[in-house]
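Open your viewer and get ready to click through a few residues. Each stop tells you what to select and what to look for there.

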Amino acid sequence: MKSELPKLSVITPSLNHGEFIDATLRSVLEQGYPDLELWVIDGGSTDGTLERLRSYGDAIRWISEADRGQADAINKGFARATGEVVGWLNSDDTYLSGTLRYVGAFFAGNAAAAAVYGDAYYVDRRGEIVRPYDTRDFDLTALAESCYVCQPAVFFRRRALADVGLLDLDLHVALDYDFWIRLFGRYPPVRLPRFLATSRMYAGNKTLALRSRAYGEIVRTVRKHYGFVPYKWSLGQASWLWYRNDQFHDPRRTTVPVFILALLAMAWYNRYNPRYLWSWARCSRGLRMELGKARRADRSAARAPEAANE
């Protein structure tokens, strides 16, 4: 008897992630989804990844060849996908137990839904949970200020690609952010009330290792889609330029020099758009909030020795 669940295609781009690829693939295959297609699009790994892929036999489909980056690999997977529903899972991320059946059942019961996303956890190199991803209810305007959707926790109907288009080959870090803005602008997603996936954060993670490139791509992306660059991205870029920290494991407080640098960056990015005045107002409010938090933290630190001596 044919399952009522839709056929589901999972695309996994891969390049020298032999350390994590087994955990990623097992998290898909062990779901027991009845009509599943798993494509691994490898960019020519040299670290033992290909041996791991061969060990799965007919359970997966894969190719290994030179490409133009992650976006190109995912686009190749999209072109090969035959499932009604598609998700992409990077080769260092995982799905949580029961995710695929839950997502498939939702699509089966909601014919009008074209895209969904759920909550996710950040995990460390060993797969231990660090904290939840800052996921929020859908708001297309708010998406300009924060990529609040975790990439492996998104699924969409394959037919949407015909309207939205493929990933931008010129983007190497913000490729998912750009795609979400385009996809969700055309097909508003449903937020599912469940944790669906994990996103691995570690020193070699592309998002952390390529902070300069990430901010450059984010700025171009939001300016292209929204016409201005919001306060948060200018402040984040200024903080990175000032501290050169990874901003995940080593967050820093907003100081006056960082704030001034963010103002200058925002004025430059929004020089042709009068809406930058609105963003300046947001900056002022943001600075007051950050400095207020810093003062409260300082007062708490000052009171700690006194409490210890009581």
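**Stop one: Ser 234**

Begin by selecting Ser 234, which is found in helix H9, residues 231-243. Keep in mind that this is a predicted model. Is Ser 234 buried or exposed? Ser 234 has a relative accessible area of 0%, so this residue counts as buried. To see what surrounds it, show Val 229, Ala 262, Ala 265, Met 266 and Tyr 269: Ser 234 touches each of these, leaving out residues up to four places away in sequence.

**Stop two: a patch on the surface**

Next, select Ile 260, in helix H10, which covers residues 256-269. Ile 260 has 43% relative accessibility and therefore counts as partly exposed. Together with Ile 260, they form a nonpolar surface patch with about 270 Å² of accessible area.

**Stop three: Thr 49**

Finally, move to Thr 49 in helix H2, residues 49-54. Its relative accessible area is 0%, so Thr 49 is buried. Which side chain makes a polar contact with the side chain of Thr 49? Display Asp 47: the two side chains make that contact at 2.6 Å. Then show the backbone nitrogen of Gly 18, which lies 3.1 Å from a polar atom of the Thr 49 side chain.

How values were computed
Residues numbered from 1 in each chain as written. Predicted model: local features only at pLDDT ≥ 70, side-chain atom pairs only at ≥ 80, totals over all residues. Heavy atoms only, no water. Helix = DSSP H or I, 4+ residues; strand = E, 2+ residues; numbered from the N terminus. Buried < 20%, exposed > 50% of the residue type's maximum accessible area, 1.4 Å probe, protein only. Contact = heavy atoms within 4.5 Å. Patch = residues over 30% accessible without salt bridge, like charges linked within 9 Å, V, L, I, M, F, W, Y side chains within 5 Å. Areas by Shrake-Rupley, 256 points an atom, 1.4 Å probe, with all protein chains shown as cover. Salt bridge = Lys/Arg side-chain N within 4 Å of Asp/Glu carboxyl O. Polar contact = N/O pair within 3.5 Å; in protein donor to acceptor, adjacent residues only side chain to side chain.
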